[in-house]
Amino acid sequence: MEQETSMTDHCTPCNTSNGDPQDYRNVPLITEDAVRDALRKYVLSSYCCCRPRSEEPVIERLTQLPLYRYRLATFTEKRHIEKISKPYTGQRIEAPEREPALQLWDINVCTPKMFHEGSKKCPLPQSGEIKTCLKCGGRGRCKCSRCGGSGQFRCGCSNNRRQRSRNKRCPSCSGSGRRRCGKCSGRGKKVCTSCKGEGRLLYYQQLSVKWKTLYSEAIADPHDQESSLPVILLQKVTGKMIMMDDEVLVHPLAGCPDVAEISAASERLIQEHQNTCGPLCHILRQRQTVEMIPVVQVQYEYNGKNLSCLVYGQELRVYSKRSLHRFTLSCSVM
Ligand SMILES: [Zn+2]
Ligand SMILES: [Zn+2]
Ligand SMILES: [Zn+2]
């Protein structure tokens with residue numbers, strides 16, 4: 001249903017509030033003055049400098065086509081326990097727990113501020129175990145992979161017949177035919193990369209926690225896509241908040257506002273967010289909002305042409321399917 005507004009309507013400020021859902025109906029969120037300002041800026045920025053700038057766009061008709069945007073944010077905590085190893089340097093470790101091991105969600109972790117993402121890792125107490133390093137067999141050193149443990153390798157000159165026939169001394173090996181391995185400095189062994197030379201590893205369990213917010217949104221157009229604004233543009237503007245619900249677990253909205261798509265989207269998205277959680281991921285908080293995004297269809301006359309565009313969002317952005325730039329170019333070459 002179109003909401004026609006006369007040219008004398010006054011502006012209603014688009015304040016963000018948790019107001020009465022009945023307030024939003026029949027309110028022209030974008031006034032003619034605001035449209036004129038937005039249109040003037042749009043026209044001036046679209047036309048090239050050689051065109052006369054004095055000419056004003058003349059508004060012929062305004063049609064309010066507000067949209068509703070439902071947004072759901074779910075703040076989640078994901079936990080898992082991983083086995084970690086590090087070189088054992090002789091530190092004291094607590095004896096393993098004799099009682100049943102701690103359950104994943106019984107471990108006390110300080111939660112950050114709601115909807116603030118982050119992560120944390122903490123070793124579990126009494127989970128340490130010392131083992132011999134398998135890579136080096138506890139020796140702390142491994143055979144050099146480049147020279148195979150000999151500390152040297154064959155110099156390239158031993159295959160170079162021409163050099164040998166000239167009886168020249170090879171500068172790389174001084175004629176010995178063998179070169180010292182640079183990787184292990186001729187020792188044939190390297191410090192073990194796993195245990196860093198310690199020969200033993202400390203294995204322990206580490207709790208890894210991640211806090212993340214899932215976001216979903218849906219747009220409801222009670223005017224059946226008349227405005228046809230690309231979704232990506234709508235994501236960059238704000239609307240008038242007409243409902244906000246912030247709880248541990250929110251419930252699907254019923255009949256608020258009177259756009260059936262909003263209630264359906266709320267039910268569907270809440271279910272989707274719940275489905276992504278499970279034994280390893282818990283919901284800590286949810287927030288759902290409904291915004292009314294003002295959209296006005298503007299028919300105007302400029303430079304003798306009848307044009308139309310949409311002015312949308314509290315930021316009063318202008319969208320036109322037909323680029324004014326193209327129109328300007330075609331005009332200026334005539
Ligand atoms: Zn080597
Ligand atoms: Zn050589
Ligand atoms: Zn090792």
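This briefing covers model confidence, a zinc site and the nonpolar cores of the structure above. The model is predicted, and its protein chain has an average pLDDT of 82, with 79% of the residues scoring at least 70. A zinc ion (ligand 3) is held by four cysteines, Cys-133, Cys-136, Cys-192 and Cys-195.

**Confidence**
- Over residues 1-24 the pLDDT stays under 50, although the model has 43 contacts beyond four places in sequence for this stretch.
- Where pLDDT is low, predicted coordinates should not be read in detail.

**Zinc site**
- Along the chain, the donors follow the spacing C-x2-C-x55-C-x2-C.
- Cys-136, in the loop between strands E5 (129-132) and E6 (141-143), and Cys-195, in the loop between strands E9 (189-191) and E10 (200-220), are 59 residues apart and link distant parts of the chain.
- Cys-136 counts as buried because its relative accessibility is 1%, and Cys-195 is buried with a relative accessible area of 0%.

**Nonpolar cores**
- The largest nonpolar core has 17 residues, of which Tyr-68, Tyr-70, Leu-72, Leu-253, Ile-262 and Val-290 touch the most other members.
- Strands E3 (67-87), E10, E11 (240-247) and E12 (281-293) and helix H4 (260-276) each supply at least two residues of this core, with H4 giving the most, four residues.
- Beyond its neighbours within four places in sequence, Leu-253 contacts Tyr-70, Met-243, Ile-262, Ser-263, Ser-266, Gln-288 and Val-290.
- A second, separate core of 16 residues includes Ile-30, Val-35, Cys-309 and Val-311.

Key:
Residues numbered from 1 in each chain as written. Chains lettered and ligands numbered in written order. Predicted model: local features only at pLDDT ≥ 70, side-chain atom pairs only at ≥ 80, totals over all residues. Heavy atoms only, no water. pLDDT = per-residue confidence, 0-100. Contact = heavy atoms within 4.5 Å. Donors = N, O, S within 2.8 Å, 3.2 Å for Na, K, Ca; no water. Buried < 20%, exposed > 50% of the residue type's maximum accessible area, 1.4 Å probe, protein only. Core = buried A, V, L, I, M, F, W, Y, C linked by side-chain atoms within 4.5 Å.
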